Amino acid sequence: MIRRRELLWYSVFGTTATFIYFFIRFMSKGWTDNVLVTVALAQTVAIVFSFFANKFFVFKNTGLGFYRSLKQFVEFIAGRFFVIMLDLGIAYFFVEKYNRIMISLFHLQKVNYQQFVFSHPLIGPYMGNAYLLNEFIFTVLSQVLATIINYVVSKRIVFNAKKSYEGELVSSS
């Protein structure tokens, strides 16, 4: 039962972190046209949120001192570094550098952006043309991969209840 509850909470907070990521990434497009800057900013905010959500609500890894928690935070960020590089790589290759190839491959230029959800005022600014839809598709792909990788790293390494550190017990009830 603990695993189901843990997965449920991971899903809830992971979805929340993903919404935070999407919000920051697409809202920051108004500040800069550089997709790598928007990815880095969105990742930073989502990582900080995810650390505290995972530590206190998902894995219930509390009762540690400041220095042990700080060490966990560093481990958490180190674990997320690969995901950030993956996200930046996907953004660079499929959104920044080779977007025309992806648009052609997925036939995104043939989509009627004046109809359906694309014409909605809340959705159009983020998916209202082939370039934006391409970015959205690869953002979703990177976030799905990130979620899977992040769960494994958090569960097995950062908040592993079987570890003991300098005599401290890790609580995971």
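E75 is buried, with a relative accessible area of 19%, where buried means under 20%, exposed over 50% and partly exposed in between, using a 1.4 Å probe and protein chains only. Its salt-bridge partner is R68, and the N to O distance between the two side chains is 3.8 Å. A salt bridge here is a side-chain nitrogen of Lys or Arg within 4 Å of a carboxyl oxygen of Asp or Glu. R68 is buried too, at 5% relative accessible area.

A quick word on the ground rules. This is a predicted model, so local features need pLDDT of at least 70 and side-chain atom pairs count only at pLDDT 80 or more, while totals for chains, interfaces and linings use all residues. Residues are numbered from 1 along each chain as its sequence is written, and side-chain values use heavy atoms, with hydrogens and water left out.

**Salt bridges**

Searching the whole structure turns up 5 salt bridges. Three of them are set out here.

| Pair | N to O distance |
|---|---|
| R68 and E75 | 3.8 Å |
| D87 and R25 | 4.0 Å |
| E135 and R25 | 3.3 Å |

R25 is worth a look in the viewer. One of its partners is D87, with the closest N and O atoms 4.0 Å apart. D87 sits in helix 3 (residues 66-97) and R25 in helix 1 (residues 2-27), so this pair ties together parts that are 62 residues apart in sequence. Helices (H or I, at least four residues) and strands (E, at least two) are DSSP runs, numbered from the N terminus. Both D87 and R25 are buried.

R25 also meets E135 in a salt bridge, at 3.3 Å from N to O. E135 belongs to helix 6 (residues 130-158) and R25 to helix 1, so here the pair ties together parts that are 110 residues apart in sequence. Buried again describes both residues, E135 and R25.

**The overall fold**

Zooming out, the protein has 6 helices and 0 strands, and the pattern along the sequence reads α-α-α-α-α-α. Its C-alpha atoms fill a box of roughly 60 × 30 × 25 Å along the principal axes. Of the 173 residues, 38% are buried. Contacts (heavy atoms within 4.5 Å) with a separation of 6 or more come, in 68% of cases, from residues 24 or more positions apart.

The accessible surface is about 10,400 Å², and carbon and sulfur atoms own 70% of that; the areas come from the Shrake-Rupley method with a 1.4 Å probe, and for residues only the protein chains shown count as cover. As for charge, there are 17 positive and 8 negative charges, and their mean positions are 9 Å apart. Lys and Arg count as positive and Asp and Glu as negative, with His and the chain ends not counted. Each charge is placed at NZ of Lys, CZ of Arg, CG of Asp or CD of Glu.

**What the record says**

An unreviewed UniProt entry places the feature "domain: GtrA/DPMS transmembrane" at residues 10-159. UniProt positions are in the numbering used here, feature names are shortened, and annotations may be inferred rather than shown by experiment. In the model, that span is 76% helix and 0% strand, and its end C-alpha atoms lie 13 Å apart.

The unreviewed entry also places "transmembrane region" at residues 7-28, 34-53, 73-95 and 131-153. Residues 7-28 are 95% helix and 0% strand, with end C-alpha atoms 30 Å apart. For residues 34-53 the end C-alpha atoms are 29 Å apart, and the span is 95% helix and 0% strand.

I103 is in helix 4 (residues 99-105) and is buried, with a relative accessible area of 6%. Leaving aside neighbours within four places in sequence, I103 is in contact with L108, Q109, A130, Y131 and N134. The C-alpha atoms of I103 and Y131 are 7.2 Å apart, although the two residues are 28 residues apart along the chain.

The loop between helix 4 and helix 5 (124-127) holds H107, whose phi is near 55 degrees, a positive value in a residue other than glycine. H107 counts as partly exposed, at 44% relative accessibility. F116 lies in the loop between helix 4 and helix 5 as well, and has a positive phi of about 55 degrees although it is not a glycine. At 68% relative accessibility, F116 counts as exposed.
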